[in-house]
Amino acid sequence: MSKVGAEAILSPNNHRYGIPTMARFTDTLIQDHRDCDHAFSQAESLLNAGLRDEAIEAFDLFVSRTELHFAREEEVLFPEFERATGQAAGPTMVMRSEHVRIRELYREMAACLRNGDDAGFLGLGETLFIMLQQHNGKEEQILYPMSDQVLAHRQADLLDKLTFAVG
Ligand SMILES: [Fe+2]
């Protein structure tokens with residue numbers, strides 16, 4: 001490998017050559033969103049197919065993945081963002097309050113599923129789906145890019161914290 005090529009690959013955040021050299025810590029959070037979406041749609045599909053036990057299992061997976069993701073944000077990303085920007089009442093406050101509403105909804109859905117209230121589960125699921133799309137969109141289009149900027153110098157450290165310190 002040429003020296004220039006090696007430097008490009010080994011140097012974090014070096015986009016001079018258009019080569020993605022190191023995963024951004026926000027990539028972990030974006031992947032979490034995709035994993036959660038997948039488990040959520042699996043639960044709905046399985047229930048629609050009449051596979052209740054499997055639907056419960058898939059929904060439990062959605063809940064545990066979402067809890068892990070929220071912990072990564074609430075315990076690592078948000079405090080770091082707030083420290084770096086001095087903004088405790090900015091976008092992270094909005095995201096935290098949306099997490100509260102999202103948690104309430106999926107707890108209600110889990111109860112519906114266990115009580116055999118399929119219509120209740122699927123109805124609340126439509127609300128939760130829209131809420132998650134809007135919430136995740138704001139994070140991916142606004143909060144994560146801002147975090148990548150203000151926390152650029154701490155990418156490796158934050159990636160470690162997200163991967164190992166939580167869950
Ligand atoms: Fe998120």
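This is a working chat about a predicted model of one protein chain.

Trainee: How many helices and strands does the chain have?
Mentor: The chain of this predicted model has six helices and zero strands, and read along the sequence its pattern is α-α-α-α-α-α.

Trainee: And what share of the residues is buried?
Mentor: Of the 167 residues in the chain, 22% are buried.

Trainee: Switching to helix pairs, at what angle do α4 and α5 cross?
Mentor: The axes of helix α4, residues 91-114, and helix α5, residues 118-150, come within 10 Å and cross at roughly 155 degrees; because angles over 145 degrees count as roughly antiparallel, that is how α4 and α5 are described relative to each other.

Trainee: Is that crossing left-handed or right-handed?
Mentor: The crossing of α4 and α5 is left-handed, and the contact is made by residues including Met95, Ile102, Leu105 and Met109 of α4 together with Phe121, Leu124, Leu128 and Met131 of α5.

Trainee: How do the residues of that contact divide?
Mentor: The residues of the contact of α4 with α5 divide into 15 nonpolar, four polar and four charged.

Trainee: How far apart are aspartate 157 and phenylalanine 25?
Mentor: Aspartate 157 and phenylalanine 25 are 132 residues apart in sequence and 8.9 Å apart in space, C-alpha to C-alpha.

Key. Residues numbered from 1 in each chain as written. Predicted model: local features only at pLDDT ≥ 70, side-chain atom pairs only at ≥ 80, totals over all residues. Helix = DSSP H or I, 4+ residues; strand = E, 2+ residues; numbered from the N terminus. Buried ≥ 20, exposed ≤ 12 C-beta atoms within 10 Å, placed from the backbone. Axes fitted to C-alpha atoms, helices over the stretch in contact; angles between N-to-C directions. Parallel < 35°, antiparallel > 145°, perpendicular 65-115°, else oblique. Left-handed = near helix turned anticlockwise from the far one by under 90°. Contact = placed C-beta atoms within 7 Å. Nonpolar A, V, L, I, M, F, W, Y, C, P; charged D, E, K, R; others polar.
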